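Hi,

Here is the structure I promised to pass on to you.

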Amino acid sequence: MSDERWRCFVAVPIGDRLRTDLASAVATWRSDPAFAELRWTDPDAWHVTLAFLGWTDPSSVAPVVASVRAVAAGAFAATLPTGGLGAFPSPGRARVLWYAIEDANGLLTGLSVSLHRALGLEGTDRFRPHLTLARARREPVRLRDAISRLVAPPGTLAVEEIRLMRSHLGGNRPARYETLESVHIGTSVRA
C-alpha cells in the first residue's frame, strides 16, 4: 500500500473563446501598477471549481468518479453569461482577483451542493462561481479602485461537462492540472 496522496478537485472547464478573450484582457492588466503585488494564474489552467477534495488516496478515485457521474447524470447542461471582476475576501483586502460567472438560475450552485453531498464534503455555503485570475503574493492588496475602473470582457461558459482534476503543485511554479475523468452532463437546457 502506497502513502501517495493526490490533491484533487471537481471543476467545469472553460471554452477556448472565453479563455482567449479573457487572456487578452489579463495581458493588458498585468502592467497596471495596482496589480504589481499579484501572481497571475496560467490561462491554460482556468476552470470553475465546484468542489475541492484536498488530499485524496488514489484508491478513492473510482468511488469519487462514480459520485461525479451520478451528479452529472441528474444535472442540466446550460450556457451561462460571464463578466465582471471581484476579489476575495473583499476588494479592499484582496487575496484573490476573480472573474465572475453569472449563476442566476443556480445551476453551478446546485452542482456544487450536489457534489458536496455526494462526496461527503462541507463548505457549500461560501460557493461563488468564478475563475481565479490572480493571487496576492504576500499581504492582501487594495484592489477596489482597479476593479471599478477595469472592464472585464463579457462571455459565456458552456456547462456541459464536469472534470475530476488532480493538482500537481509546482513549488515556485504554477500548479499544473491533470484531468483524471471527464463526465458529460445529462440533460441540455438553455439558462
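The largest pocket holds about 1200 Å³ of space. A pocket here, on a 1 Å grid over the protein atoms alone, is an open set of points where a 1.4 Å probe fits, with protein on both sides within 12 Å along at least five of seven lines; lining residues have an atom within 4 Å of a point. Grid points are joined across faces, edges and corners, and the volume is the space filled by probe spheres set on the points.

Before you read on: this is a predicted model, with pLDDT of at least 70 required for local features and 80 or more for side-chain atom pairs, while totals for chains, interfaces and linings use all residues. Residues are numbered from 1 along each chain as its sequence is written, and side-chain values use heavy atoms, leaving out hydrogens and water.

Back to the largest pocket. Its lining counts 38 residues, and H47, T49, T132, R135 and Y177 are the ones nearest the centre. Several elements supply at least two lining residues each, including β1 (6–13), α3 (107–119), β6 (130–136) and β9 (173–184). Strand β3 provides the largest share, five residues. (Helices are DSSP runs of H or I with at least four residues, strands are runs of E with at least two, and both are numbered from the N terminus.) Sorted by class, the lining has 16 nonpolar, 13 polar and nine charged residues. For that sorting, Ala, Val, Leu, Ile, Met, Phe, Trp, Tyr, Cys and Pro count as nonpolar, Asp, Glu, Lys and Arg as charged, and the others, Gly among them, as polar.

The second largest pocket has a volume of about 210 Å³. It is lined by 16 residues, with D44, A45, R163, M165 and Y177 closest to its centre. Strands β1, β8 and β9 each give at least two residues to this lining, and β9 gives the most, with four.

Now the fold as a whole. The protein chain has four helices and ten strands, which run β-α-β-β-α-β-β-α-β-α-β-β-β-β from the N terminus on. Its C-alpha trace spans about 50 × 45 × 30 Å along the principal axes. The radius of gyration, taken over C-alpha atoms, can be set against a globule rule of 2.2 Å times the number of residues to the power 0.38. For 191 residues a compact globule would come out near 16 Å, and the chain has 17 Å, which agrees. Of the contacts (heavy atoms within 4.5 Å) between residues at least 6 apart in sequence, 79% join residues at least 24 apart.

What about the interior? Of the 191 residues, 46% count as buried, where buried means under 20% relative accessible area, exposed over 50% and partly exposed in between, with a 1.4 Å probe and protein chains only. The largest nonpolar core has 56 residues, and W29, L97, L108 and L133 touch the most other members. Helix α2 (residues 61–73) contributes the largest share of this core, six residues. A nonpolar core is a set of buried Ala, Val, Leu, Ile, Met, Phe, Trp, Tyr and Cys residues joined through side-chain atoms within 4.5 Å.

Leaving out residues up to four places away in sequence, L108 touches V12, V48, L50, L80, I101, D103, F127, P129, L157 and V159. V159 sits in strand β7 (residues 155–159) and counts as buried because its relative accessibility is 0%.

- The peptide bond from F88 to P89 is cis, with omega near -5 degrees, and P89 lies in the loop between β4 (76–88) and β5 (96–101).
- R93 is in the loop between β4 and β5 and counts as exposed at 52% relative accessibility. R93 touches F88, P140 and V141, not counting residues up to four places away in sequence.
- G110, in helix α3, is partly exposed, with a relative accessible area of 31%. G110 and L50 are 60 residues apart in sequence and 9.5 Å apart in space, C-alpha to C-alpha.

Enjoy looking through it!
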